[in-house]
Amino acid sequence: MPPLHDFRSDTVTRPGKAMKAAMVAADLGDAVYDDCPTTKRLEAMASERLGKEAGLFFPTGTQSNLAGLMAHCGRGDEYIVGQQAHTYVNEAGGAAVLGSIQPQPLPNEADGTIALDAIRAAIKPDDFHFARSRLLALENTFNGRVLPAAYVAEATALARQHGLATHLDGARLFNAAVASQTDPADLAAPFDSLSICLSKGLGAPIGSLLLGSRDLIERARRLRKMLGGGMRQTGVLAAAAIHALDHHVARLADDHDRAARLAEGLRAFPRLGVREAQTNMVFMSPQGVDTAALLAFLAERGIAVSGRYGTLRWVTHLDIGDAGITAAIDACADFLQQKAA
């Protein structure tokens with residue numbers, strides 16, 4: 001039985017009636033043969049909206065990112081990436097294991113950026129002793145934070161000056177766009193390629209897209225096949241994604257508002273160590289609180305939260321309403337009062 005209020009991630013959403021109807025009505029073909037009309041429509045729609053020449057549908061963001069990295073880099077090449085970035089930490093080391101690409105991780109600052117001086121110092125000279133620096137990869141949003149536009153412009157310009165390509169892990173790019181009131185195409189513009197996730201805040205059940213130049217996407221098409229991502233009647237999934245892009249972008253503001261209200265409510269309890277809400281995420285590092293006991297207590301109330309290394313992450317999404325915010329705040333209050341008694 002799923003939790004009543006599931007804050008673990010924005011990946012836990014379920015398709016609503018309208019999305020299901022779109023999936024049932026989808027016009028289908030074989031996407032490996034590139035003749036699925038609904039999938040082609042999704043790829044064209046997304047690439048146009050984000051200002052890129054072409055797009056390619058993938059089953060997961062991990063595979064989409066990996067194909068992007070491999071399309072830019074060959075064996076023995078290197079990509080520069082944040083030490084806490086998803087492509088480095090949470091994608092099973094695929095770039096190194098499957099792509100033979102050396103990651104050069106650099107510390108992330110508190111706002112998710114990587115210091116420009118650190119990037120500059122990490123770019124290797126043209127010397128056979130070193131891996132070849134080929135790519136700079138950034139992430140937006142980063143732990144819910146929107147990367148500053150001025151920083152992105154400087155970092156990507158620095159990469160270009162040194163002959164590096166640029167890739168954006170834009171799993172939650174639309175959250176960044178809504179939060180900063182910026183056209184998503186403007187956020188994508190500085191990058192040669194980007195991956196966007198359709199099954200996070202947008203609420204589609206499955207899928208990500210890699211976007212970039214036509215040449216890069218054709219290289220990625222071969223890589224997708226190699227990585228096992230060639231699927232057949234993907235129009236069923238593409239129809240859900242099209243519905244999400246048409247109907248679920250502007251409403252991300254509701255998720256951001258609920259996250260802010262959740263953070264405000266939980267800040268009434270200083271021991272919870274709640275940080276300021278960023279887009280649809282609230283982080284807290286409780287002090288003097290048994291986090292395992294708190295998670296168990298919340299679970300008894302039908303509330304699920306992800307926890308790791310003493311930090312809890314609450315994520316608002318399509319299936320979290322006002323009742324979920326109230327339930328979460330009340331449950332935390334009850335837990336602390338119970339322990340104080």
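Predicted model: local features only at pLDDT ≥ 70, side-chain atom pairs only at ≥ 80, totals over all residues.

Colleague: Which strand is E2 joined to, and by how many bridges?

Modeller: Strand E8 (residues 208-212), by five bridges. The two run antiparallel.

Colleague: What is the bridge partner of Phe57 in E8?

Modeller: Leu209.

Colleague: Let's zoom out. How many helices and strands does the chain have?

Modeller: The chain has 14 helices and twelve strands. Its radius of gyration is 21 Å, close to the 20 Å that the globule rule gives for 341 residues, so the chain is as compact as a globular protein of that length.

Colleague: What percentage of the residues count as buried?

Modeller: 53% of the 341 residues. As for contacts between residues at least 6 apart in sequence, 74% join residues at least 24 apart.

Colleague: And charges? How many positive and negative side chains are there?

Modeller: There are 34 positive and 37 negative ones. The centres of the two sets lie 4 Å apart.

Colleague: Now helix H8. Which of its residues are buried?

Modeller: H8 covers residues 173-180, and Leu173, Phe174, Asn175, Ala176 and Ala177 are buried there. Their cover includes strands E6 (165-170) and E7 (193-197), and helices H9 (184-188), H11 (235-247) and H12 (252-266).

Colleague: What comes just after H8?

Modeller: Gln181, with a positive phi of about 50°. Most residues other than glycine have a negative phi.

Colleague: Where is Ser100, and what is its phi?

Modeller: Ser100 sits in the loop between helix H5 (94-97) and strand E4 (102-106). Its phi is near 55°.

Colleague: And Thr279: buried or exposed?

Modeller: Thr279 is buried, with a relative accessible area of 9%. It lies in the loop between H12 and strand E9 (281-284), and has a positive phi of about 50°. Ser100 counts as partly exposed, at 25% relative accessibility.

Colleague: Last one. Where is the cis peptide bond?

Modeller: It joins Asn140 and Thr141, with omega about 5°. Thr141 lies in the loop between strand E5 (132-139) and helix H7 (149-161).

Technical notes
Residues numbered from 1 in each chain as written. Heavy atoms only, no water. Pairing = 2+ DSSP bridges. Helix = DSSP H or I, 4+ residues; strand = E, 2+ residues; numbered from the N terminus. Rg over C-alpha atoms; globule rule 2.2 N^0.38 Å. Buried < 20%, exposed > 50% of the residue type's maximum accessible area, 1.4 Å probe, protein only. Contact = heavy atoms within 4.5 Å. Lys, Arg positive; Asp, Glu negative; His and termini not counted. Charge placed at Lys NZ, Arg CZ, Asp CG, Glu CD.
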